[in-house]
Amino acid sequence: MATRRRTLLKVIVLGDSGVGKTSLMNQYVHKKFSLQYKATIGADFVTKEIQIGDKLVTLQIWDTAGQERFQSLGAAFYRGADCCALVYDVNVLKSFDSLENWHEEFLKQASPSDPKTFPFIVLGNKVDIDGGSSRVVSEKKAADWCASNGNIPYFETSAKQDYNVDEAFLTIAKTALANEHDQDLYFQGIQDASTENEAKGSGCAC
Ligand code: GDP
Ligand code: MG
């Protein structure tokens with residue numbers, strides 16, 4: 001009988017201050033939304049468990065604590081990321097223009113082994129505002145940017161209305177899963193070996 005594998009995936013959420021990073025995470029993990037603006041404080045990350053195929057996946061989603069204003073997120077923030085979600089506000093052009101910087105900054109700081117295939121995802125948030133009449137970045141413009149930066153998946157979201165939030169994070173989890181770390185693969189390899197020769201009890205993960 002196959003052992004149920006547990007996989008931990010680190011996801012980091014980047015983008016200009018105020019675009020809704022914390023709100024998207026809160027909506028996804030706690031199903032809550034607040035219009036009150038609070039600079040993010042507290043935990044470095046939140047976790048959520050989801051089932052993908054035969055795998056139980058723990059998503060560890062890292063939020064910034066407001067330091068994104070100064071683009072000075074520490075090395076620990078980037079280290080070991082399996083996926084990077086880039087968020088902008090469809091009503092604020094500057095936040096879209098910043099995607100380029102966040103993309104570059106991530107590649108510089110996290111220096112993934114293969115920058116061309118590292119999984120990113122872009123979220124255009126706050127599509128609910130004024131029923132879309134105040135948006136300044138079209139879906140096509142965003143999709144074009146994503147296409148020219150390595151076919152990054154693109155979602156339009158509203159943390160307020162819980163629109164596309166689950167869908168976006170599910171795609172994040174799936175792309176992160178496809179890019180698991182060597183270390184995790186090695187660890188799983190050991191698990192497989194011990195399961196195969198039945199030398200250990202099924203509950204042992206060592
Ligand atoms: P962060 O700085 O990127 O973490 O942004 P926050 O999550 O703190 O959100 C900034 C402000 O935008 C807050 O007042 C939120 O309530 C608001 N906000 C976030 N997402 C949405 C959304 O999808 N729609 C609307 N209308 N407001 C949002
Ligand atoms: Mg925040």
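Predicted model: local features only at pLDDT ≥ 70, side-chain atom pairs only at ≥ 80, totals over all residues.
1. Thr22 places a polar side-chain atom 2.8 Å from an oxygen atom of ligand 1. For Asn125, an N or O atom in the side chain is 3.2 Å from a nitrogen atom of the ligand. Of the 580 Å² of accessible area that ligand 1 has on its own, the protein covers 92% (Shrake-Rupley method, 1.4 Å probe).

2. The shell around ligand 1 has 21 residues, of which Gly18, Lys21, Ser23, Ser34 and Asp128 come nearest (a heavy atom within 4 Å). Its largest share, three residues, comes from H1 (helices are DSSP runs of H or I, at least four residues; strands are runs of E, at least two).

3. Arg6 lies in strand S1 and, at 53% relative accessibility, counts as exposed (over 50%; buried is under 20%, partly exposed in between; 1.4 Å probe, protein chains only). Leaving out residues up to four places away in sequence, Arg6 touches Glu49, Leu56 and Thr58 (heavy atoms within 4.5 Å).

4. The largest nonpolar core has 27 residues, and Tyr28, Leu59, Ile61 and Phe169 touch the most other members (buried Ala, Val, Leu, Ile, Met, Phe, Trp, Tyr and Cys joined through side-chain atoms within 4.5 Å). H5 supplies its largest share, seven residues.

5. Residues are numbered from 1 along each chain, chains lettered from A and ligands numbered from 1, each as written. Local features need pLDDT of at least 70 and side-chain atom pairs 80 or more, while totals for chains, interfaces and linings use all residues; side-chain values use heavy atoms, without hydrogens and water.

Conventions: Polar contact = N/O pair within 3.5 Å; in protein donor to acceptor, adjacent residues only side chain to side chain.
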